[in-house]
Structure formats: C-alpha cells, structure tokens
Amino acid sequence: MPKKEMIAMLLAGGQGSRLECLTRNIAKPAVSFGGKYRIIDFSLSNCVNSGIDTVGVLTQYKPFLLHSYVGIGTAWDLDSDTGGLHILPPFVDEKGGGWYQGTADAIYRNLDYIEQYDPEYVLIISGDHIYQMDYSQMLAFHKTQKADVTVSVIEVPMAEASRFGIVVTDAQNRIKKFVEKPKAPESNLASMGIYIFNWAVLKKALVADEAASHSANDFGKDILPMLMTQKRKLAAYRFQGYWKDVGTIESYYDANMDLLAKQPEFDIFKTHKNIYTNSGIYPPHYVGKKAVIKNSLVTNGCTILGEVIHSILGFGVYVGEGTRIEDSILLPNCQIQQECFVRKTIVGENTIIRPYCTIGVKTNQQPSQSGITVIENHSEIMEDTQLEEGKILYRPTVA
C-alpha cells in the first residue's frame with residue numbers, strides 16, 4: 001500500500017445502551033438521524049471532505065445493519081484500491097482473540113492494518129457524534145503546535161462538564177491536565193473524543209498500555225494520562241461549531257429537533273460541505289389533499305394523508321388520514337395508520353401503529369426522559385392503544 005500522511009480509525013462498536021430500545025438490535029452509529037441520514041454518515045463525510053481516503057471502521061456490537069449500510073464505502077467515495085474503507089471486527093489469531101476490551105485495545109488489535117499504510121499521523125474518531133469538522137485544519141494545528149497528540153475540545157456548560165473528559169490548558173493551548181469525567185471539573189473544555197496522534201507515539205503507547213494489567217484500555221482513562229505522565233506534548237484544538245454527543249434519548253431527540261429551529265445552529269441545508277449517505281432510492285414523497293405539514297422534515301418515499309407538525313419523518317413513512325403527529329421523530333418505514341395521535345415520540349424503524357392509538361399521553365406523574373416516548377424498531381402497536389408520555393416500549397422477545 002502507498003504511504004499515507006494520515007489515516008482515520010473510526011470507533012463504531014459501542015452498544016449505546018443509554019439509547020435504550022433504539023439500540024437493542026443495532027449499533028448506535030447505525031441509528032437513523034434527521035430523516036435522511038444515519039449517525040455514522042457525519043464522521044464518514046467529515047473524512048471525505050477533509051481529504052482522508054483511508055478509514056478503518058471498528059465494529060463489534062450488533063454489526064449486521066451497520067456492515068450492510070457502510071459496505072465498502074461507495075456512498076462516501078471511499079471504495080479506493082489504494083486505501084478506502086475497511087470494516088475491522090474483532091478477530092482471532094494464533095495467540096487467541098476475543099472482543100475488543102476498550103477503545104485503546106480496539107486500535108491495538110489493528111496495528112497491522114495501520115502499519116501497512118505507514119502513516120505519519122493517525123486520526124481517532126467516533127461514529128456516534130453529530131457535527132461537521134475539517135480534520136485537515138486540525139492536522140495543520142497539530143503540526144504548528146509540534147504536538148505528539150492533539151485533542152479536539154469544545155466548551156460545554158459547566159453543569160454538564162462532569163459527563164466528559166475535561167482538559168485544562170495553558171495560554172499556548174498545551175494541555176496541562178486531563179481528567180476523565182471528574183466529579184468537580186476545573187474547566188468546561190470537554191474532549192470530543194477526536195484525537196490526532198503521531199503514529200510512532202501512538203504505537204508505543206498502545207503497546208505499553210496493553211502490557212499494563214491494571215489498564216481499562218481506554219484512551220481517556222489510560223492512554224492520555226500515560227502520555228501526560230511521560231511529559232509528551234498534548235495540544236488542545238478548540239473546535240468552533242455544532243457538536244452533539246447523541247448518546248442519550250434526550251440528546252438524540254434534542255439534536256434532531258435542533259434541525260427544525262428557526263435559525264438552526266447546524267443547518268443541513270446550508271452546510272459548506274456535503275453530508276453523504278447510503279439511504280437508498282425512494283420515490284418522491286406524496287402529500288394528500290387533506291394533509292397539513294408545518295415546520296417539519298419529510299424524506300423521500302413518505303405518504304402524508306394526515307397532519308405533521310414540528311416533526312421529522314424518515315424515508316418510507318406513512319401517516320394515515322385523520323392522524324396528527326406532533327414534536328415527534330418517525331424513523332424509516334414506519335406506519336401510523338388512521339385516526340391516531342402521536343406526541344413527542346420516537347417511533348422505531350418498520351413499526352406499525354394501528355388505528356385509533358394515542359401515543360405520548362400527558363399524565364400528572366413526572367415522566368421519564370423529559371416526557372419523550374420511545375417505541376422499539378419493528379414493533380406493532382395494536383388498535384386503540386394508549387401510551388403515556390415518557391414510556392419506553394420494547395418489542396416482546398420471541399422465545
């Protein structure tokens with residue numbers, strides 16, 4: 001393989017358990033977003049738009065849909081003979097094998113993959129964030145700083161800082177302290193989980209980490225603190241733009257609803273770079289004579305016969321006559337039949353809601369996850385069903 005200046009390693013194997021039933025049977029990066037996309041589209045598109053033509057996608061949890069969706073990267077122009085996109089699941093070799101034990105272990109187990117490109121730099125990213133970034137600008141900053149590692153950071157509200165890895169920097173943006181999810185944060189500069197390593201530094205650190213019996217094999221908990229102890233130069237790249245970790249029901253819902261704001265901070269219609277996707281070919285959406293649509297995103301293949309208010313509809317969604325959808329996210333190929341009312345609900349892919357159902361009923365009790373009702377993919381809600389707000393509905397497991 002020809003030598004590469006920088007390749008990307010995209011971590012896409014996490015379970016995403018905080019997304020509840022949305023990830024019971026698929027990996028979090030494969031979850032639908034914004035009607036047209038899946039979450040992994042944003043990281044892959046960032047790579048292409050940054051001139052990165054070699055991406056290793058590390059998968060593990062429930063990977064079938066993600067594998068079939070990503071394929072060989074054709075939709076993102078990553079089907080190159082001299083690089084391209086490669087799926088990297090866990091494997092067994094002559095020494096044994098098993099599941100990836102952490103983010104650092106996942107990269108360590110794929111050192112041979114990286115070695116064949118002999119890169120100067122390795123970009124580590126995640127497949128479960130919503131953002132647009134030009135990684136080439138981060139690389140230019142990394143070179144200017146003469147850093148061993150550069151961590152992309154963003155300011156977050158101080159009240160939320162304990163959810164992230166927090167960095168403390170000096171006036172030259174050199175990282176003086178890094179603490180993973182501190183109880184009492186010293187700053188609000190949060191790591192975005194995006195790292196650029198000098199390849200020689202990364203390789204040495206991964207080998208040392210793998211040999212440490214006490215290690216959790218995690219970049220935030222182990223690799224970065226180790227490099228700090230070794231007095232390596234860690235720089236903080238301050239990202240200015242929209243970024244959301246959609247790891248919870250609330251953050252996933254909010255990030256989708258952000259697209260419907262009057263002046264959205266992340267405007268998918270005015271982005272300076274394309275967001276590529278492999279969402280398939282569907283006919284144009286159809287709007288019936290009595291249909292009403294207000295402040296909503298409606299994707300190809302939808303049939304709208306009822307009312308859709310401040311909602312996002314994935315491709316192939318059906319909304320029947322007399323049905324009203326409010327403040328909701330309908331994932332691809334779901335059907336809401338006639339005379340239903342659906343409020344502040346995430347309806348899973350390929351779900352059928354039979355006639356006369358009321359979903360998201362307000363109650364006097366304090367609802368869970370901010371009153372967002374969630375229905376698992378491939379569910380069937382029978383006629384005349386009522387579901388209270390905040391309910392998480394799992395599809396019954398077939399024995």
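The dialogue below begins with the whole chain and then turns to sheets, helices and loops.

Tutor: This is a predicted model, in which local features need pLDDT of at least 70 and side-chain atom pairs count only at pLDDT 80 or more, whereas totals for chains, interfaces and linings use all residues. Residues are numbered from 1 along each chain as its sequence is written, and side-chain values use heavy atoms, with hydrogens and water left out.

Student: How do you know whether the radius of gyration agrees with that of a compact globule?
Tutor: The radius is taken over C-alpha atoms, and the globule rule is 2.2 Å times the number of residues to the power 0.38. For 399 residues the rule gives a value near 21 Å, and the protein has 22 Å, so the two agree. The C-alpha trace spans about 65 × 50 × 45 Å along its principal axes.

Student: What share of the residues counts as buried, and what does that term require?
Tutor: Buried means under 20% relative accessible area, exposed means over 50%, and partly exposed lies in between, with a 1.4 Å probe and protein chains only. By that criterion, 55% of the 399 residues count as buried.

Student: What share of the contacts joins residues at least 24 apart in sequence?
Tutor: A contact means heavy atoms within 4.5 Å. Among contacts between residues at least 6 apart in sequence, 60% join residues at least 24 apart.

Student: How many helices and strands are there, and what makes a run count as one?
Tutor: Helices (H or I, at least four residues) and strands (E, at least two) are DSSP runs, numbered from the N terminus. The protein has eight helices and 33 strands.

Student: Why are β17 and β32 called edge strands?
Tutor: Two strands pair if DSSP finds at least two bridges between them. The open sheet in question has six strands in the order β17-β20-β23-β26-β29-β32, with parallel pairing. β17 (292-294) and β32 (386-388) each have a single partner strand, so one side of each is left without a neighbour in the sheet. From one strand to the next, the twist averages 15 degrees.

Student: Why is α8 described as largely enclosed?
Tutor: Seven of its 10 residues are buried, so the rest of the structure largely encloses α8. Among the buried residues are Ile-249, Tyr-252, Tyr-253 and Met-257. The buried residues pack against β2 (32-33), β15, β21, β24, β27 (345-347) and β30 (373-375).

Student: What makes Gly-247 buried or exposed?
Tutor: Gly-247 has a relative accessible area of 2%, and is therefore buried. Gly-247 is in the loop between β15 (243-245) and α8 (249-258). Beyond neighbours within four places in sequence, Gly-247 contacts Arg-18, Leu-19 and Lys-28.

Student: Is Ala-147 buried or exposed, and how do you know?
Tutor: Ala-147 counts as buried because its relative accessibility is 4%. Ala-147 lies in the loop between α5 (135-145) and β10 (149-155). Leaving aside neighbours within four places in sequence, Ala-147 touches His-142, Asn-198, Lys-233 and Ala-235. The C-alpha atoms of Ala-147 and Asn-198 are separated by 8.0 Å.

Student: Is Gln-337 buried or exposed?
Tutor: Gln-337 has 15% relative accessibility and therefore counts as buried. The loop between β25 (335-336) and β26 (341-343) holds Gln-337. With neighbours within four places in sequence left aside, its contacts include Gly-320, Thr-323 and Pro-355.

Key:
Axes fitted to C-alpha atoms, helices over the stretch in contact; angles between N-to-C directions.
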